[in-house]
Amino acid sequence: MILKPFQMSAKLKYYFALNNRATFTNKQNTDYYTQLYGYNGEKNFYQRIKKFDQIVLLHDLTLTSKYKGQAQYDYIIIHSGRVVHIDVKNFKGTYRQVDDNFVSSYKKIKNPMGQLSVAHDILENTLSEMAHTVQSKLLFINENFCFRGNTDIDQWVFLSELDQYLEQFKALNHLYDIDLEIGRYLLSKHDDSENQYPPIKVPFEKVMAGMKCPKCLNYISQEKQKIDFNCKCGYQCKNEALIKHNIDELMILFEGPVTIQQVYTWCQTVSLSTIKRVLWKYYKKIGQNRGSKYYFK
Ligand SMILES: [Zn+2]
């Protein structure tokens, strides 16, 4: 059972919405690509694990321990009383270890084992009153990741070993109810305060309005009254879905409820009646009459 499904982080949603609407600084660019790489790696893993029906699965959990601090968990798999934390790393290229860093010809990354160990301790600590075994694994999911050095480390799983590693979670699970209990307990301990890992933001006045394609993120010139949207990139959707996507981007970048007039100015080529229809259908209305605003349900 999937207790907490895979979804894009609020941070990456912000960067997608901002993409092409403002010029990214170097720092924003680095942060954006780090997030995007991480997201693609986690998505890749989700495609493989989501159909396993003998496990309890949670994605993107944050736990806090009074003495040990906070840790974020890409995936937690619970099977037969065993709690397994999978930290997905989408590193690409050939790395070797220098001091406490992974170094490639163009990148230096802090050895993730330190972070894994802290996360492991916090997870054990959180579950200290329940019957369990905790394991933590670093999964190097990129097919172009290569490590020159000792790779015989119990906590490491490479893409070439993944299918074999996952076999164990297909086995019949006699402790499923207990696993579900552990999963629900962990979910109750999840710290969902949204601002833990904020994006590097741009003031809203500096963000460019207009309609973007959800796939290629390029601006589009949409004629009024069309039913379907066909982008040059090949992406197709209903015009209503396109408008909703762009209203979502406005709300993400504005960081709060918006008025009908704001949406009308933002979407530029869409009629007021269409905007009202989409707002009424998909969003929550806050306030009355002229002062009313709309936000995510
Ligand atoms: Zn497109």
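The legends below describe close-up views of one predicted model.

Residues are numbered from 1 along each chain as its sequence is written. In this predicted model, local features need pLDDT of at least 70, side-chain atom pairs count only at pLDDT 80 or more, and totals for chains, interfaces and linings use all residues.

**View 1. The protein chain as a whole.** The protein chain holds eight helices and 14 strands; helices (H or I, at least four residues) and strands (E, at least two) are DSSP runs, numbered from the N terminus. Along the principal axes, the C-alpha atoms fill a box of roughly 60 × 45 × 40 Å. Of the 297 residues, 23% are buried. A residue is buried if 20 or more other C-beta atoms lie within 10 Å of its own, exposed if 12 or fewer, and partly exposed in between, with C-beta atoms placed from the backbone.

**View 2. The packing of helix 1 on helix 2.** Helix 1 (residues 10–18) packs against helix 2 (residues 26–49) at an angle of about 120°, and their axes are 10 Å apart. Axes are lines fitted to C-alpha atoms, for helices over the stretch in contact, and angles run from 0 to 180 degrees between N-to-C directions. The two helices are therefore oblique to each other (angles under 35 degrees count as roughly parallel, over 145 as roughly antiparallel, 65 to 115 as roughly perpendicular and the rest as oblique). K11, L12 and Y15 of helix 1 make the contact with Y32, Q35, L36 and Y39 of helix 2; two residues are in contact if their C-beta atoms, placed from the backbone, lie within 7 Å.

**View 3. The buried residues of helix 1 and the residue after the helix.** Y14, Y15, F16, A17 and L18 of helix 1 are buried. Their cover includes helix 2 and helix 6 (239–254). Just after helix 1, N20 adopts a positive phi of about 75°.

View 4. Six strands, in the order 1-2-3-4-8-10, form an open sheet with mixed pairing; two strands pair if DSSP finds at least two bridges between them. Strand 1 (2–4) and strand 10 (156–158) stand at the edges with a single partner strand each, so one side of each has no neighbour in the sheet. From one strand to the next, the twist averages 35°.

**View 5. Strands 4 and 8, with the helices that pack on the sheet.** Strand 4 (residues 82–89) pairs with strand 8 (residues 133–140) in the parallel sense over eight bridges. H85 is placed opposite S136 in strand 8. Helix 3 (residues 113–126) packs on the sheet and touches strand 2 (56–65), strand 3 (69–79), strand 4 and strand 8; the direction of helix 3 makes about 155° with that of strand 8. Helix 5 (residues 176–188) also packs on the sheet, where it touches strand 1, strand 2, strand 3 and strand 4. The direction of helix 5 makes about 45° with that of strand 2.

**View 6. Two loop residues with positive phi.** Most residues other than glycine have a negative phi. L217, which is not a glycine, has a positive phi of about 65° and lies in the loop between helix 5 and strand 11 (228–230). L217 is partly exposed, with 15 other C-beta atoms within 10 Å. E255 has a positive phi near 60° and lies in the loop between helix 6 and helix 7 (260–267). E255 counts as exposed, with 9 C-beta neighbours inside 10 Å.
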